[in-house]
Amino acid sequence: MGQAKLRGTPEQRKQAAIERQLSLRPKYIRCNNCQAELNEMTPMDISDIRGIEAAFMAHCPHCGHDTYAIKGEREAVAQMHMAIEDAVGAQSQAGVVPAAHRR
Ligand SMILES: [Zn+2]
């Protein structure tokens, strides 16, 4: 039996992806809501997402808003933004209906 070359456990790959991301870390993320400069950010797990080089989430201590910085291929970034909006926007923007859809 030949030995299969181990390419690392999912845990190791995830760690490598996070380290790669840290080199792409922006100096700060500007809060989408109150424009504060957020220096603290959390790298997101993007090991399963194609086309994304780095993604960070910053929680604003001033207004409690979460802002995301995503770097990668344009389409992948747009898709990830939509996925986050679906997951997060549903709660944070619940009850807000675009004017065009109002009766
Ligand atoms: Zn804010």
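1. Strands here are DSSP runs of E, at least two residues long, and helices are runs of H or I of at least four, numbered from the N terminus; two strands pair if DSSP finds at least two bridges between them. β3 and β4 (residues 52–59) run antiparallel and are joined by two bridges. P43 has F56 in β4 as its bridge partner.

2. A word on the model: it is predicted, so local features need pLDDT of at least 70 and side-chain atom pairs pLDDT 80 or more, while totals for chains, interfaces and linings use all residues. Residues are numbered from 1 along each chain as its sequence is written, and side-chain values use heavy atoms, without hydrogens and water.

3. The open sheet has three strands in the order β3-β4-β5, with antiparallel pairing. Its edge strands, β3 (42–43) and β5 (66–72), each pair on one side only.

4. Now the zinc ion. Its protein donors (N, O and S atoms within 2.8 Å of the metal, or 3.2 Å for Na, K and Ca; water is not among the atoms, so sites may look incomplete) are the SG atoms of C31, C34, C60 and C63, at 2.3 to 2.4 Å. In sequence, these donor residues follow the spacing C-x2-C-x25-C-x2-C.

5. C60 is the buried one, at 1%, whereas C34 is partly exposed, at 34%.

Definitions and conventions. Buried means under 20% relative accessible area, exposed over 50%, partly exposed in between (1.4 Å probe, protein chains only).
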